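The sequence and the model come first, and my notes follow.

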Amino acid sequence: MLRLDLASEPRWLDLGHGVRLRLAPLTTALMVAARADLAVAALPETATPEALALAMAKALARRAVLDWEGVGDADGRALPLSPEGIDAL
């Protein structure tokens, strides 16, 4: 179940299979920062809506994901949180 509330502090989100993300609350400031992300701004005006949506999702995730658990490499070793890892997730 999703619970919609106006929490002002980060919370853990269980994605299943032992994966959890600690997320900052979604705020207008977070959305504005994602919109100003260099990867989003660098998209050509001819970018497809799908390309824009993917770039925005990654930019937002890089700002919102504060920590994670249960994310590992191909050999099962835990990976530290990183922008590249968030993009891959």
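In what order do the 3 strands of the open sheet lie, and is their pairing parallel or antiparallel? I am working from a predicted model, and in it I read the order as β1-β2-β3, with the strands paired in the antiparallel sense. I then looked for the edges of this sheet and found β1 (11-16) and β3 there, since each of them pairs on one side only. From one strand to the next, I noted an average twist of 25°.

As a reminder to myself, strands of a sheet pair through backbone hydrogen bonds, either parallel or antiparallel. For β2 and β3 I found an antiparallel pairing over 4 bridges, and I noted that Arg 20 stands opposite Glu 69 in β3.

I turned to helix α3 and asked whether its length fits its number of residues.

Which residues of α3 are buried? I listed Ala 55, Met 56, Ala 59 and Ala 64. These residues cover an arc of only 155° around the axis, and therefore they sit on the same side of α3. The general rule I kept in mind is that an α-helix has 3.6 residues a turn, so residues three or four places apart point the same way.

I wanted to know what the buried residues of α3 pack against, and I found β2 (19-23), α1 (28-35), α2 (38-41) and β3 (65-69). As for its direction, α3 lies across β2 and β3 and runs at about 80° to β3.

Last, I checked the chain as a whole. Its C-alpha atoms fill a box of roughly 40 × 35 × 20 Å along the principal axes, and 17% of its 89 residues count as buried. Among contacts between residues at least 6 apart in sequence, 45% join residues at least 24 apart. On confidence, I noted a mean pLDDT of 93 for the chain, with 98% of the residues reaching 70 or more; confidence is lowest in α2, at a mean of 92, and highest in β3, at 98.

Terms used: Residues numbered from 1 in each chain as written. Predicted model: local features only at pLDDT ≥ 70, side-chain atom pairs only at ≥ 80, totals over all residues. Heavy atoms only, no water. Buried < 20%, exposed > 50% of the residue type's maximum accessible area, 1.4 Å probe, protein only. Helix = DSSP H or I, 4+ residues; strand = E, 2+ residues; numbered from the N terminus. Arc of directions from axis to C-beta. Contact = heavy atoms within 4.5 Å. Pairing = 2+ DSSP bridges. Axes fitted to C-alpha atoms, helices over the stretch in contact; angles between N-to-C directions. pLDDT = per-residue confidence, 0-100.
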